[in-house]
Amino acid sequence: MREKKIYYVEILRLTAIFFVVFNHTRNLGYSLYQEAGHGFSYYASLSMSILCKIAVPIFFMISGGLLLGRKETLKDLFLKRVLRYTVVILLFTFLQYLRIVRVHPEEGFHPLTWLLYCYSGNIIEPYWFLKSYFSMLLILPFLRLLVSVMNKRDYMLLIGMKAIMTIISLIYIYTGYAANFIFPFHADIIFYPLIGYFLMNVPEQDEYKFLNGKILSASLLAFLALAVFQARIYFLHHGTYSENFHSLYVWILAMLTVLLIKKIKVKTPVIQRIICAMGSCVFGVYLIEDVVRNQVQRIVPFISPFLGKFWAGMVFTLLSVLVSMSIIYLVKKIPVISKII
């Protein structure tokens, strides 16, 4: 059972990191729809810019699925996980700070500035996730207590409350009136790990047999099309774009993606090894993709005339991931580094 789970989990990781990098491509992919105006590039870019938002939820769901059921002492949690992430934040924030100092030597090197970035800010925008994941690790003992007593009805209630929050968000988008109450389980670091644990660990029973690949795929496309349609109509009525629709159904799209990829069976040993090797590099790719992406983007002007802007953006994203992955694969050969990333 463990061997079957690990391959789809690695595929989920690879899917999520591709979406992470696409989310950072700016007008070369992510926001291309704002320039295209209409046609294939418009709808393809808008669809991808919405779909890529499932990346972070998927990472949290994977962590929930793998970590919440583990028996682990507080000492092990803090020494093996929290301490590791503390080291990652300190080390890679420092490396990014050195990069800034190299580009702007006139500002000089100030250790206090680096420590302030570690404590109160994100030295580069993508690193916000490190702080968010760090917060999830801190509340992991409480989430483990929750899943130890939750049953299927409780998870359905949690999903139902999330659906209500989605309706409330729709009301706010169209009317400007926000509901004056708080749903704490709505937070990403709580909702997604819990739902990830449910989707990845609760056995599939007869009542769920109708959730086959075709139905899951059709449902995913339907919600994606709904988000694209609403974003388009909003633009036509207001003359401006709103990214509220990018996150509106992200929890549904993420859940459907997990269920769909969970059905993938990898039986060829060579492919199994490749998937696992690539999956083991995903965290490292996230840490360095900003640097690599800014170099790889130089190819876009050369390939765009042949492929079109959208496909050029997709190739740019894929190359950024693969180059980053190759670097991390080699760096992980260093024993100390391999334990960190």
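**Notebook: salt bridges, loops and overall build**

I started with Glu10, which forms a salt bridge with Arg13, the closest N and O atoms being 2.7 Å apart. For a salt bridge I required a side-chain nitrogen of Lys or Arg within 4 Å of a carboxyl oxygen of Asp or Glu. The model is predicted, with local features needing pLDDT of at least 70, side-chain atom pairs counting only at pLDDT 80 or more, and totals for chains, interfaces and linings using all residues. Residues are numbered from 1 along each chain as its sequence is written, and side-chain values use heavy atoms, with hydrogens and water left out.

**Entry 1: Glu10 and Arg13**

I placed both residues in helix 1 (residues 2-23), where they sit three residues apart, about one turn of the helix. Helices here are DSSP runs of H or I with at least four residues, strands are runs of E with at least two, and both are numbered from the N terminus. I then looked up the accessibility of Glu10 and found a relative accessible area of 8%, which makes Glu10 buried. My classes are buried under 20% relative accessible area, exposed over 50%, and partly exposed in between, with a 1.4 Å probe and protein chains only.

I counted six salt bridges in the structure. One of them joins the side chains of Arg99 and Asp290, at 2.6 Å from N to O. Arg99 belongs to helix 5 (residues 74-103) and Asp290 to helix 15 (residues 282-296), so this pair ties together parts that are 191 residues apart in sequence. Arg99 is partly exposed, at 24% relative accessibility, whereas Asp290 is buried at 11%.

I found that Asp290 also forms a salt bridge with Arg293, with the closest N and O atoms 3.1 Å apart. These two are three residues apart in helix 15, about one helical turn. Both Asp290 and Arg293 are buried. Which residues are linked in the network of salt bridges? I noted Arg99, Glu289, Asp290 and Arg293.

**Entry 2: Ser324**

Ser324 has 0% relative accessibility and counts as buried. Leaving aside neighbours within four places in sequence, I listed the contacts of Ser324 as Val285, Ile288, Glu289 and Val292. Contact means heavy atoms within 4.5 Å. Glu289 had already come up in the salt-bridge network.

Is Lys309 buried or exposed? I read a relative accessible area of 52%, and Lys309 is exposed. The C-alpha atoms of Lys309 and Gly29 are separated by 7.6 Å, although the two residues are 280 apart along the chain. Not counting residues up to four places away in sequence, Lys309 touches Leu28, Leu32, Glu35 and Ser304.

I located Lys332 in the loop between helix 17 (309-331) and helix 18 (335-340). From Lys332 to Cys281 I noted 8.1 Å, C-alpha to C-alpha, for a sequence separation of 51 residues. With residues up to four places away in sequence set aside, Lys332 touches Ser280, Cys281, Ser338 and Ile341.

**Entry 3: Arg26**

I checked Arg26 for its backbone: phi is positive, about 55°, although Arg26 is not a glycine. Arg26 lies in the loop between helix 1 and helix 2 (33-36). At 43% relative accessibility, Arg26 is partly exposed.

**Entry 4: the chain as a whole**

I counted 18 helices and zero strands in the chain. The radius of gyration is 21 Å, close to the 20 Å that the globule rule gives for 341 residues, so the chain is as compact as a globular protein of that length. I took the radius over C-alpha atoms, and the globule rule is 2.2 Å times the number of residues to the power 0.38. Along the principal axes, the C-alpha atoms fill a box of roughly 60 × 55 × 50 Å.

Of the 341 residues, 45% are buried. Among contacts between residues at least 6 apart in sequence, 81% join residues at least 24 apart. The chain exposes about 18,000 Å², and carbon and sulfur atoms supply 68% of it. I used Shrake-Rupley accessible areas with a 1.4 Å probe; for residues, only the protein chains shown count as cover.

Last, I looked up charge: there are 33 positive and 16 negative side chains, and the centres of the two sets lie 7 Å apart. Lys and Arg count as positive and Asp and Glu as negative, while His and the chain ends are not counted. I placed each charge at NZ of Lys, CZ of Arg, CG of Asp or CD of Glu.
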